[in-house]
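Subject: Structure handover

Hi,

Here is the structure we talked about handing over. Please open it next to this note.

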Amino acid sequence: MTSVLADQTDFIECIVVGAGVIGLAVARELSGSGHDVLLVDAESDIGTQTSSRNSEVIHAGIYYPEDSEKAALCLPGKQQLYDYCEQRGVPVKQCGKLIVATTNDQKAELEAIFHAGQVNGVSDLSLLTQSQTLARASELSTVGSIWSPSSGIVDSHQLMLALLGDFENTGGTVSLNTRVHKMAVARDEMTVLLESDGLMELKTSMLVNCAGLGAIPIAKKMDGLDQAFVPGIEYAKGSYFAYSGRHAFNCLVYPVPTPGGLGTHLTLDMSGQARFGPDVEWVHDENYDVPVSKLDGFYHAVRDYWPAIDKAKLTPAYAGIRAKCKPSGKDYTDFIFSGPNEHGVPGLVNLFGMESPGLTSCLAIAEKVKALLNG
Ligand SMILES: Cc1cc2nc3c(=O)[nH]c(=O)nc-3n(C[C@H](O)[C@H](O)[C@H](O)COP(=O)(O)OP(=O)(O)OC[C@H]3O[C@@H](n4cnc5c(N)ncnc54)[C@H](O)[C@@H]3O)c2cc1C
């Protein structure tokens, strides 16, 4: 098969690296604004990495620190995503979510989460008593909860196909099986060395690095980029277990958050099937195995809020890896947009730490990248 790169001249106005949900949203936004865009991905299909390895939850925007990028982008992103899914027929369900306290000690945490949500502008939250919570989900073990009616689920694969369709309809080109090998960035020109059928060098004036877990390795190989603008990173693997058969829930159920994640929650797919996860395991390599030895830990974490869970119905499913970066001067992890105003290279935007709620926020992230490129 001849690569689509064979049709490219040696200059293309804009190159977006990574065809996950964020790269697709960014490429769609830039192409829809009239730019000539090439989207490249190392894999043989779009969205095979973190965008296929998550909870598919549309987050309300509750947990994030007030001045964080996550707080700023999740709320508008959520509404944009619901609207987009409706317009484009992408399966989506606004099923709502309970954040459940199982002990009286956790009530203070619930109140702190409720307050954080209010500060972030999530104005539709309510604090529920034990009986109000049980009226929504009678099999829970709980002393009270937060009800978030704007939380929901989305079919991430259909979403990515819709974004790809829009991108191609506005003249964008996708090149799969195309790995970024090396880059050189300078004030007047950027050069990208791509490996597809062979090696090919392209020059560009806009370069957006949306390579997910590959974003930092790529930035480390950028000749001409001051490495002070490449943050440190930690990786937190999150595994999931599927639950076969009947369960008692028609909304998402989250425990109070644990360090590094939102707790081993119950999420639903579009057919109503339940799965549990993700846990938090700090890792150094990219390994997606879900060992059956985790079964007991999952069972106990879920039994805490759902005592009727049948352990025999839990089976290892899949895992994803969260890329966690702290912006300089902050004590929390956040999305990091490293644009021309920061590193001084015109036309270059690096996206780091695009963990949750990156799926929810993808359309808002794309608008932010366009604004950074337009200065
Ligand atoms: C366990 C877990 C649960 C999550 N749950 C949720 C949730 O419920 N809701 C939510 O909003 N968000 C959630 N997220 C976050 C969400 O999944 C991510 O923010 C989002 O998928 C990131 O998309 P991306 O496009 O940046 O990355 P990816 O989907 O990983 O895409 C990056 C792409 O870059 C490509 N690439 C890498 N290196 C190169 C290279 N050198 N050359 C060419 N291509 C390259 C890869 O092949 C890949 O396709 C979760 C994340 C995890 C890990």
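What follows is what was found, from the overall fold down to single residues.

This is a predicted model: local features need pLDDT of at least 70, side-chain atom pairs count only at pLDDT 80 or more, and totals for chains, interfaces and linings use all residues. Residues are numbered from 1 along each chain as its sequence is written.

**Overall**

The protein chain has nine helices and 21 strands. These are DSSP runs numbered from the N terminus (helices: H or I, at least four residues; strands: E, at least two). The C-alpha trace spans about 65 × 40 × 40 Å along its principal axes. The radius of gyration of the protein chain is 21 Å, which agrees with the value near 21 Å for a compact globule of 375 residues. That radius is taken over C-alpha atoms, and the globule rule is 2.2 Å times the number of residues to the power 0.38.

Of the 375 residues, 48% count as buried. Buried means 20 or more other C-beta atoms within 10 Å of the residue's own; exposed means 12 or fewer; partly exposed is in between; C-beta atoms are placed from the backbone. Among contacts with a separation of 6 or more, 73% join residues 24 or more positions apart. Two residues are in contact if their C-beta atoms, placed from the backbone, lie within 7 Å.

**Domains**

The domain assignment gives domain 1 (4–52 + 157–232 + 327–373) and domain 2 (97–149 + 234–324). Such bounds come from an automatic or database domain assignment. The domain centres, taken over C-alpha atoms, are 32 Å apart. Eight residues from domain 1 and six residues from domain 2 make up the contact. On the domain 1 side, the residues that touch domain 2 are two nonpolar, five polar and one charged. For these classes, Ala, Val, Leu, Ile, Met, Phe, Trp, Tyr, Cys and Pro are nonpolar, Asp, Glu, Lys and Arg are charged, and the others, Gly among them, are polar.

**Core**

The largest nonpolar core has 107 residues; Val16, Ala25 and Val26 touch the most other members. It draws at least three residues from each of domain 1 and domain 2. A nonpolar core is a set of buried Ala, Val, Leu, Ile, Met, Phe, Trp, Tyr and Cys residues joined through C-beta atoms within 7 Å. Leaving aside neighbours within four places in sequence, Val26 contacts Val16, Val208, Cys210, Ala366 and Val369.

**Ligand**

There are 42 residues around the ligand, and Gly18, Gly20, Gly212, Gly214 and Gly358 come nearest. The elements that give two or more residues to this shell are α1 (21–32), β10 (179–185) and β19 (314–324). A residue counts as near a molecule if its C-beta atom, placed from the backbone, lies within 6 Å of it. By class, the shell has 17 nonpolar, 18 polar and seven charged residues. Both domain 1 and domain 2 give residues to the shell, so the ligand shell lies between them.

**Backbone points to check**

- The peptide bond joining Gly277 and Pro278 is cis, with omega about -15°. Pro278 is in the loop between β17 (274–277) and β18 (281–283).
- Pro357 is in the loop between β21 (348–352) and α9 (362–373).
- Glu56 has a positive phi, near 60°, though it is not glycine. It lies in the loop between β2 (37–40) and β3 (57–58). Glu56 is buried, with 21 other C-beta atoms within 10 Å.
- Asn177 also has a positive phi, near 50°. Asn177 is in the loop between β9 (173–175) and β10. It counts as partly exposed, because it has 16 C-beta neighbours inside 10 Å.

**Two lysines**

Lys368 lies in helix α9. It is buried, with 23 other C-beta atoms within 10 Å. Not counting residues up to four places away in sequence, Lys368 touches Leu73 and Phe337. Lys368 and Leu73 are 295 residues apart along the chain, with their C-alpha atoms separated by 8.7 Å.

Lys324 lies in strand β19. With 19 C-beta neighbours inside 10 Å, Lys324 is partly exposed. Beyond four places in sequence, its contacts include Ile233, Glu234, Ala236 and Glu355. The C-alpha atoms of Lys324 and Ala236 are separated by 7.4 Å, at 88 residues apart along the chain.

Best wishes
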